[in-house]
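Hi everyone, thanks for making time this morning. I'd like to walk you through a structure that may be new to you, so let's bring it up on the screen.

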Amino acid sequence: MGAYILRRLLLIIPTLLGIMLINFALVQFVPGGPVEQAIARIQGGGDVFEGFSGGGSDAGNAADTGGNENYVGARGLPPEFIAELEKEFGFDKPPVERFVNMLWNYMRFDFGDSYFRSISVIELIKEKLPVSITLGLWSTLIAYLVSIPLGIRKAVKDGTAFDTWTSGAIIAAYAIPGFLFAILLLVLLRAGPTGRYSRCGG
């Protein structure tokens, strides 16, 4: 038993490394990264993906040649400015060095600053932590208050119609994605008795 627990604990390390490596690759190499987002905001606050889809003001700048060809939205911007942006976000270093620096910062609990707000990530976590803990505790409490009595009832009524239709309802509930169920709850809870949106919901 002790060896099994030790193996499971040691398995956490490669699992975390794999997750961080995938996240690092997505942020660093997929179009729409921090440099492209910064360029999009500087050139009018639009969405960076408009440049890749052919929309926005990039279509009119297609003939410009003064920018960095690596970024679609950077046409017309000075190369020195693009280099400063890359240095600010650490893109002037090789990918391996950036990944190692990221791991070292995580080990020191240095998560940097929020990309969307001018505060550190630690402060942002502290700000949102009470709400997350509250939601987690309530969801756990509700889950146990429902699952334990339901499990006892299903065990007593094994093979009956109650057991059958509750099993079907549970399977259907598991099949619904969480984000879709959340949208459904928003629509249902915001709608009034006549099907129109209530005033408090906007």
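**Rings, core, surface and charges**

Let's start with the rings: Tyr106, Phe109 and Phe111 form one aromatic cluster. Please keep in mind as we go that this is a predicted model.

How many aromatic pairs does a search of the whole structure find? The search gives four. One of them is Phe24 with Phe99, an edge-to-face pair with 5.3 Å from centre to centre and 65 degrees between the planes. Phe24 sits in helix 1, residues 2-29, and Phe99 in helix 5, residues 95-107, so this pair ties together parts that are 75 residues apart in sequence. Both Phe24 and Phe99 are buried.

Now to the inside. Which residues make up the largest nonpolar core? There are six: Val35, Ala38, Ile39, Ile82, Leu85 and Phe91. Helix 2 (34-42) and helix 4 (79-88) are the elements that give two or more residues to this core, and helix 2 has the largest share, with three. If you click on Ala38 and set aside its neighbours within four places in sequence, you'll find it in contact with Leu85, Phe89 and Tyr115.

As a bit of background, nonpolar side chains in soluble globular proteins tend to be buried together. Val187 belongs to helix 8, residues 178-190, and is partly exposed, at 40% relative accessible area.

Last topic: charges. The count of salt bridges comes to three. Asp110 and Arg108 meet at 3.9 Å, N to O; Asp110 is partly exposed at 35%, and Arg108 is partly exposed at 42%. Lys128 and Glu127 meet at 3.7 Å, N to O, and here Lys128 is partly exposed at 44% and Glu127 partly exposed at 39%.

Definitions and conventions: Residues are numbered from 1 along each chain as its sequence is written. This is a predicted model: local features need pLDDT of at least 70, side-chain atom pairs count only at pLDDT 80 or more; totals for chains, interfaces and linings use all residues. Side-chain values use heavy atoms; hydrogens and water are left out. A nonpolar core is a set of buried Ala, Val, Leu, Ile, Met, Phe, Trp, Tyr and Cys residues joined through side-chain atoms within 4.5 Å. Buried means under 20% relative accessible area, exposed over 50%, partly exposed in between (1.4 Å probe, protein chains only). Helices (H or I, at least four residues) and strands (E, at least two) are DSSP runs, numbered from the N terminus. Contact means heavy atoms within 4.5 Å. Rings of Phe, Tyr and Trp (its six-membered ring) pair if their centres lie within 6.5 Å; planes under 30 degrees apart count as stacked, over 60 as edge-to-face and the rest as tilted. A salt bridge is a side-chain nitrogen of Lys or Arg within 4 Å of a carboxyl oxygen of Asp or Glu.
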